[in-house]
Amino acid sequence: MSAQEELVKQSASDMAAQLRSGQVSSRELVQAHLDVIEAAEPSIDAFLQVSADQALEQADAFDQRLAHDGAEGLPELAGVPIAIKDMIVTKGIPTTAASKILEGWVPPYDATVIKKLKTAGMPILGKTNLDEFAQGSSTEHSAFKPTHNPWDTERVPGGSGGGSASAVGAFEAPLALGTDTGGSIRQPGSLTGTVGVKPTYGGVSRFGAIAMASSLDQIGPVSRTVLDAALLQEVIGGYDRRDSTSIPNPVPPLAQAARQGQNRDLKGLKVGLVKELGGEGYQPGVEARFNEAVSLLESMGAEVVQVSCPHFPYALAAYYIIMPSEVSSNLARYDGMRYGLRVMPPEGVPQTAANMMAATREAGFGDEVKRRIILGIYALSAGYYDAWYGSAQKVRTLVIRDFEKAFEQADVLVSPTSPTTAFRFGEKMDDPLAMYLNDVATIPANLAGTPAMSIPAGLSDDGLPVGFQFFAPQMRDEVMYRPAAALEAALEEQWGGPISKKLSTPWLDGLAQGSTK
Amino acid sequence: MAEKLMKYADAVAKYDPVFGLEVHVELCTNTKLFCPAHIEFGGEPNTQLTPVSLGLPGSLPVVNKTAIDYAVKLGLALHCKVNEWSQFARKNYFYPDMPRDYQISQYDKPLNGEGYLDVELDDGSIFRVPIERAHVEDDAGKNTHVGGADGRIEGADHSLVDYNRAGVPLVEIVTKPIEGAGARTPEVAGAYVRAIRDIVRALGISHARMEQGNMRADVNVSLHAGPDAPLGTRSETKNVNTFKGIEKTLTYEIRRQAALLESGGEVLQETRHWDESTQTTAGGRVKTDANDYRYFPDPDLVMVHVTKDHIEELRAQMPEMPRERRARLKKEWDFTDRQMQDAVNADAVDLIEDTVKAGATAAGARKWWLGEISREANARGVSLQELPISAQDVADVEQLIADGKLNDKLAKQTVSGVLAGEGKPAEVVKKHGYQVVSDDGALDAAVDQALKDNPDIVAKLKGGNMKPMGAIIGAVMRATKGQADAKAVSKIVMERIAKS
Amino acid sequence: MISSMPTFTREEIKHLGDLARIALTDQEADRLKGELNVIADSITKVQEVAGDDVPPTANPIPLEAYLRPDEAEEPLTQEAALSGAPVTESGMFVAPRILGEE
């Protein structure tokens, strides 16, 4: 293994430790990852935009700062590079939401999370692929290209954040940011053997996250370890006055909880198995890994109880009313007036502003986005508002109550993240409902605003990764980090290392031999 | 196409109008409703924008506290039930001047609920206008239509959009259906909107300049045969932005609808526009479900909470309301209804009050502000406040008159000098050497000369006919270059006549 | 009361397209008709549990709005504001002909 390969296969926190001890510079870290990106992209296609120059500039600035002022006051991950889902606005770096309608748009401002990363001295490697406007579960709905799953490049990485998950899974980036509206961080995490966290709604500022469904969207970490996710969430989390839905509390002590978890002592912890999230529709290999992981939690002292959330079976339906309703309104602004694409109506059609908007949106949006906009317009229309939107909001209340009752019986809830492992390209493209079922286990957390995360639970019979999901109560994100880190440590002991040890990485073979130092 | 109209008197004799007004008031906050972009009328286009007011992807609204406070004050002035909890909702429709293609407004949970406003009509009677709600929302940008005739939308080739106004806070005051105004419907509407203008100015929450679009009204009206008859179909005339326009819209619509109903026709539920040039309303599109705005709570904004204590704090800051203040001042100043109304219409109440405070009589202050100075303001096309003359200046001139140092004519010349920028009244008097000739030998001599030159007039005066007195005074004025005091002249003349 | 499952026709889909300002092709409208009928069938079940006694939830975390002070911050420059615009003229965004009541 080349030194470069060795370097990029470390966890972000190990990279950070090497940065502080002077074994490696931020520039070297950035360069190593840029090299991997160059080598991996032909087979992975995780990035829409690589911002090499800016990343190296940021790295140099960090290295200088470290040399002059030391690491005092900087977060632990300072200097470690990161990839950003192209749903998050970056000043000076094109931001497209993987849609033709925004192609070429260069934002004049930074999202709050991007400002925080810059303040922390974390260089931005580039923008990762996604389903157009984060709408999809396979990244096949990107207007530009599909992203491939590093475990089997014939298969999807999940979605919508397939780019971020594959980039981290394929060692193109040690960390990434995602956005999770119905599972877009966790389901790709599950399908690519990476860690994905959806924080409590309002725990991370949404200012600068391109809105899909505002009451469900949440930015969160994508990483290869639980501790890395905790450290990253501590960097990006916290109150932001630019986001009215931001919670005015400090970030809970997440890394501390993760480090505690690594001791693998879960005595006194009550783990609730959600009865409704399992059984029919779940791949046997997924259930097997899930059950083994539950046994491991028990073996570390956790008490496992079964809980029932009777309204979860209605969550998917409520989601597919609330989400498209908000989508139909949030995506109205892409009208060819202020930024992005403009298409004039064909000859013979009056060249009016209204027809320009209709022609632009027809040409600029893909099928899935159109489907959701049309559905949302319908759900909000006067005749159906009460029956659909109004009812869905009530289901939301019921799902929140289910969670509250469940958390009276257990500290954390668990389920498989996704009912299946990664599927082949095209397999579910013609069946929206089958595609939507991917998110059946992740959606309840978005409806209820509770934090949830997915960590690798091993490989299914098909040799593909399986995700294990934890849920914690609202604003108590630290509660899930402890058992997640414990389970990760226990599993890695069984596997003899991280799950990625089982991943073959032919794209790394061509990397330069010899030390980067 | 001229539409058939019924004579107004016949229309209101035959039908009862039921009308409603939606008045939009722009608040004069420093920054926009949902973002910290500074607001200034007439700035360079597209320079008062943040990512939020330009509707850039990823941007999020945050509510301006001052806008909420201003809106609460307006709610209190309109006797509204101020709701401790209110919610912003999205009103979805596409239009090029709306950066997000939805307006952030309030729907089923407005800040201000039911209220009323008592408005005073010309004859001094009071009409109570019932108010449904007064909610907060953001304004859209402005389109300039180019390529067509005189900037009108019809025939324009394309439009230029300036989003500076996008996001300016508005309060929309919606009345309940107003019944029982009968023939006085236009008068009530005009008085109501003027009363709102006066209130928001007194509160200092809006510049309330109609000509700058700070206030705009949508006017709804329908006719029915009588209080118990079913309501007719209403028309809605959008964006009327003058007081007269509001009154004329109602008059026109009542006449038009009455003629339609009379001929067995049908009033369409449609949106119309007031056309100042033709003094008519023109039909727009018939309302369809394109006007289903698909309101839903804005998920980017959580509930706005205004505590009871804060509402009471704001209530304590409320100034005396214009109608009450006006009644008090009218009494203090001993003005007639007409005089007070003229002062109000000229926006001179504050100036008269300040002039009286500076020592002048109310009658004197009124004479200047509504006479000489108003004429000058009209000629220059500016407001009284914008002229280079202060309440103190006017009071000083009045004092000079009272002291007998200036006569009317010299006083007018002094005021003209001040308006021309020549300085304070004392400076103008000094500069021109204005001085009343009243009691020295020069005046006696001038009178004697004038009497001598006009023996026929002297004869008439002796015969008890005082009409030609003006001719003698005029001759004396000419002789003294206008510095004579007319009263003094007439006194001397009377003395001479009596003696001779 | 549970209202019956909606059934979309091509005309309805086209009409929704008008409201959404998307110039759907006939082909797209037909395909959407089929898909949306299937989706509608599966999501209309939310009505089964949405009783009158259940309050709606708009935001998952109950917060009250932070009201910001009325203080100005540096705005975008005109250049930055216009930087993404498809067409500009005289410092403004250009719209094609606007009809009265779009």
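**Figure 1. Polar contacts across the interface of chain C and chain A.** In this predicted model, the rule finds 21 residue pairs in polar contact across the interface of chain C and chain A, with both residues of each pair at pLDDT 80 or more. The elements that give two or more residues to the side of chain C that touches chain A are α1 (10–19), α2 (26–43) and β2 (92–96) of chain C. Of these elements, α2(C) gives the most to that side, with ten residues. Sorted by class, the side of chain C that touches chain A has 36 nonpolar, eleven polar and ten charged residues.

**Figure 2. Extent of the interface between chain C and chain A.** The size of an interface is often given as the accessible area lost when the parts come together. Between chain C and chain A the buried area is about 5,300 Å², and carbon and sulfur atoms give 68% of it. On the side of chain C, the residues that lose the most area to chain A are Pro60(C), Ile61(C) and Tyr66(C), which together make up 12% of what that side buries. Counted by contacts, 57 residues of chain C meet 68 residues of chain A.

Figure 3. Side chains of opposite charge can pair when their charged atoms come close. The closest N and O atoms of Glu35(C) and Arg371(A) are 2.7 Å apart, and both residues are buried.

**Figure 4. The salt bridge between Arg90(B) and Asp300(B).** In this pair within chain B, the closest N and O atoms of Arg90(B) and Asp300(B) are 3.0 Å apart. Because Arg90(B) lies in strand β3 (residues 88–92) of chain B and Asp300(B) in the loop between β14 (296–297) and β15 (304–305) of chain B, the pair ties together parts that are 210 residues apart in sequence. Arg90(B) is buried, and Asp300(B) is buried as well.

Figure 5. The side chains of Asp198(B) and Arg197(B) meet in a salt bridge, with an N to O distance of 2.9 Å. Asp198(B) has a relative accessibility of 12% and therefore counts as buried, while Arg197(B), at 11%, likewise counts as buried. In a further panel, salt bridges that share partners join Asp367(A), Glu368(A), Arg371(A), Arg372(A), Arg31(C) and Glu35(C) into one network.

Figure 6. Glu26(B) lies in strand β1 (residues 16–26) of chain B. Its relative accessibility is 10%, so Glu26(B) counts as buried, the cut-off for that class being under 20%. Leaving aside residues up to four places away in sequence, Glu26(B) touches Asp139(B), Arg165(B), Val168(B), Pro169(B), Leu170(B), Ile205(B), Ser206(B), Gly213(B), Asn214(B) and Arg216(B).

**Figure 7. Domains of chain B.** The domain assignment of chain B gives domain 1 (8–314), domain 2 (322–432) and domain 3 (441–499). Taken over C-alpha atoms, the centres of domain 2 of chain B and domain 3 of chain B are separated by 31 Å.

Notes
Residues numbered from 1 in each chain as written. Chains lettered and ligands numbered in written order. Predicted model: local features only at pLDDT ≥ 70, side-chain atom pairs only at ≥ 80, totals over all residues. Heavy atoms only, no water. Contact = heavy atoms within 4.5 Å. Buried area = accessible area lost by both parts, 1.4 Å probe. Salt bridge = Lys/Arg side-chain N within 4 Å of Asp/Glu carboxyl O. Polar contact = N/O pair within 3.5 Å; in protein donor to acceptor, adjacent residues only side chain to side chain. Helix = DSSP H or I, 4+ residues; strand = E, 2+ residues; numbered from the N terminus. Nonpolar A, V, L, I, M, F, W, Y, C, P; charged D, E, K, R; others polar. Buried < 20%, exposed > 50% of the residue type's maximum accessible area, 1.4 Å probe, protein only. Domains from an automatic or database assignment.
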